[in-house]
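Me: I would like to learn how to read a few features in a protein model. Can you take me through them one at a time?

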Amino acid sequence: MNADVIIKNAWVFQTPTRSFVKQNVAIKGNKFYYISAADIDDLSAKTIEAENQYLIPGLIDIHMHIESSMTTPTIFSETVLRYGVTTIVADAHEMANVFGLEGLKEFMAAKTTLDIFHAIPSSVPSTTPELETTGGIIGLPEVEQLLQDPRVICLGEAMNFKGIAYEPDSLIAQIIDLCKGMRPTMPMEGHIPKIYDRELADFLYSGISSDHTHQFPEHLLDKIQAGLFIQFQNKSITPENMAVIRDNNLYDFACLITDDVMADDLLQGHLNENLKKAVSAGLPIEQAIYMTTYTPARRMSLLDRGMIAPGRVADFILLDNLEDFSIAQVYKDGQKVFEKGEPFVYPQVIEEFPQAYQQSVKCRLLTADDLVLKVETDKVQVRCNVIQKQVIGTFTERVTKEIAVVEGILQTESENLGHLLVMERYGKNGNIAHALMEQPLKHKGAIATTWAHDHHNLMVMGNDSTSILVAQQALLALQGGYVVVHDGKVVATCPLPIGGILSQAPVEELGADLQQVRLAMQQLGYENMNEIMSFSTLSLPVSPAIKVTDKGMMDTKSQTFYPLVFPEDGVLHATTH
């Protein structure tokens with residue numbers, strides 16, 4: 001037979017029937033060769049006795065951002081292999097927003113054991129240069145280059161609803177047309193939050209056919225019937241959503257993905273954790289395996305993997321049991337890359353980024369004068385547009401508040417408000433945008449970050465001027481990352497010196513730093529199921545409903561800016577420059 005490895009007596013996952021059958025599996029080179037219930041003998045082959053173990057394909061995550069783990073591809077690869085993840089499709093639009101095509105190529109050059117395919121970052125910037133300033137832009141020439149690379153297998157999440165649905169001459173519409181012309185069968189991924197009915201049809205007419213944003217059970221079946229392939233991230237894996245999939249037998253029309261896994265969460269798991277959550281939410285384990293292996297492979301035309309069958313890549317997991325998805329071993333290309341009980345080995349060789357990538361935060365120190373919001377008015381109170389964040393998810397709402405004015409100064413610190421600033425950090429225009437938030441903190445302090453989706457400008461928010469200044473100064477000294485200040489004192493930091501978004505520190509150290517940031521945010525009273533992502537997306541101008549860029553406070557659907565102070569009440573003299 002001339003096999004290299006024979007696995008005996010495993011309960012092998014049968015993709016077509018979504019069941020387990022006791023079989024023997026032969027591997028030749030990096031591919032499955034022969035699978036049979038009959039005994040397979042080859043004296044020259046290595047034999048693995050898998051009695052009472054379950055053999056399933058390696059997990060495939062087709063929508064994710066390595067940068068969300070704040071680490072680099074090499075470190076990320078070795079970290080997630082132990083969780084059974086053997087293939088990913090990475091959309092490195094964070095790296096591209098900071099460094100453009102050059103940064104994306106640096107990412108793609110990384111040598112990894114994990115198979116990394118790539119999505120074209122379609123939203124760099126996520127809206128337009130008129131609405132936000134980024135370090136790089138991915139335009140038509142860059143997309144044309146990327147379309148010629150075989151590692152690029154889809155168009156990454158297209159976010160600009162208005163540009164896609166109603167502006168045929170917009171950059172994103174032109175990018176979609178270019179992709180359809182050069183790669184007509186390539187999947188095109190969408191970012192479609194709270195878009196339904198006719199507006200959804202207008203969006204899908206472009207050719208985009210997937211959505212990974214927050215899903216709601218009352219709309220889920222309608223979205224799938226409209227032709228959308230649904231990718232469930234963690235917050236959408238609910239009993240109600242899983243019931244829609246289960247009760248309507250929609251397993252071929254959806255998959256499980258991660259989208260974003262923070263560095264501290266990465267210490268606990270990756271796509272395997274979402275699989276387990278889906279099972280806890282009512283999805284049969286066999287279907288959860290199907291939706292993390294075969295369904296995503298087929299969506300991305302990765303037809304050489306995703307099932308245990310002759311000629312398919314020998315990426316697989318041996319489980320001790322199904323109940324808790326206990327991973328005993330992980331194999332990539334037929335080679336063992338993880339065994340339970342073995343210590344994690346930090347990669348010996350990691351990427352070398354240009355030195356300039358560690359000096360990329362170029363904005364001035366804030367002063368106390370920058371925080372004074374002067375209003376020309378004869379009123380003692382003025383109406384202001386204020387951002388209200390939610391406790392679950394990353395959506396925000398616009399609310400109106402009456403705020404006192406004393407001697408021409410808006411009294412933000414006495415009104416249970418947070419003062420949010422976004423500073424352009426690429427040395428292009430020096431923009432500073434101001435916004436207000438409704439009771440984001442319960443104690444005196446500030447939070448600052450350069451990990452601000454997706455433009456990654458410098459963002460700082462606080463309810464105390466001294467704390468805001470201290471936080472911004474500390475963040476500049478780190479050349480990016482996260483900083484939390486309580487009553488004027490720095491209490492937690494997470495340095496991200498590579499482009500202000502990444503670190504090459506050991507993932508355990510990075511995760512511990514981020515966990516301290518998360519705890520410090522909680523202690524300040526910042527409430528959300530994911531504090532880091534909630535804060536970081538306050539600057540994401542494609543996420544409902546009101547967000548802030550360096551150009552101002554934006555209605556993300558209409559892509560128009562709100563004034564901080566209602567014009568009929570007064571004129572605000574704090575500007576975005």
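**Helix pairs, a buried strand residue and backbone exceptions**

Reply: The crossing of α3 and α5 is right-handed, meaning that the near helix is turned clockwise from the far one by less than a right angle. This is a predicted model: local features need pLDDT of at least 70 and side-chain atom pairs pLDDT 80 or more, while totals for chains, interfaces and linings use all residues. Residues are numbered from 1 along each chain as its sequence is written, and side-chain values use heavy atoms, without hydrogens and water.

Me: At what angle do α3 and α5 pack?

Reply: Two packed helices are described by the angle between their axes and the distance between the axes. Here α3 (residues 140-147) and α5 (residues 171-182) pack at about 25°, with axes 10 Å apart. So α3 is roughly parallel to α5 (angles under 35 degrees).

Me: Which residues of α3 and α5 make the contact?

Reply: Contact means heavy atoms within 4.5 Å. From α3 come Leu140, Val143, Glu144 and Leu147; from α5 come Leu171, Gln174, Ile175, Leu178, Cys179 and Met182.

Me: Where do α7 and α8 stand?

Reply: The axes of α7 (residues 217-225) and α8 (residues 239-247) come within 9 Å and cross at roughly 35°. This crossing is right-handed. Pro217, Leu220, Leu221 and Ile224 of α7 meet Glu240, Asn241, Val244 and Ile245 of α8.

Me: Is Gln329 buried or exposed?

Reply: Buried means under 20% relative accessible area, exposed over 50%. Gln329 has 12% relative accessibility, so Gln329 counts as buried. Gln329 is found in strand β15 (residues 326-332).

Me: Which side chains make polar contacts with Gln329?

Reply: A polar contact is a pair of N or O atoms within 3.5 Å, one able to donate a hydrogen and the other to accept it. The side chain of Gln329 pairs with that of Tyr331 at 3.1 Å. The side chain of Glu339 makes another such contact with Gln329, at 3.4 Å.

Me: Which peptide bonds are cis?

Reply: Most residues other than glycine have a negative phi, and most peptide bonds are trans. The bond from Val124 to Pro125 is cis, with omega near 5°. Pro125 sits in the loop between β8 (115-120) and α3. Another cis bond joins Pro544 and Ala545, with omega about -5°.

Me: What is phi at Gln439 and at Gln479?

Reply: Phi of Gln439 is near 40°, a positive value. Gln439 counts as exposed, at 52% relative accessibility. Phi of Gln479 is near 60°, also positive. Gln479 counts as buried, at 11%.

Methods
Axes fitted to C-alpha atoms, helices over the stretch in contact; angles between N-to-C directions. Helix = DSSP H or I, 4+ residues; strand = E, 2+ residues; numbered from the N terminus. Buried < 20%, exposed > 50% of the residue type's maximum accessible area, 1.4 Å probe, protein only. Parallel < 35°, antiparallel > 145°, perpendicular 65-115°, else oblique.
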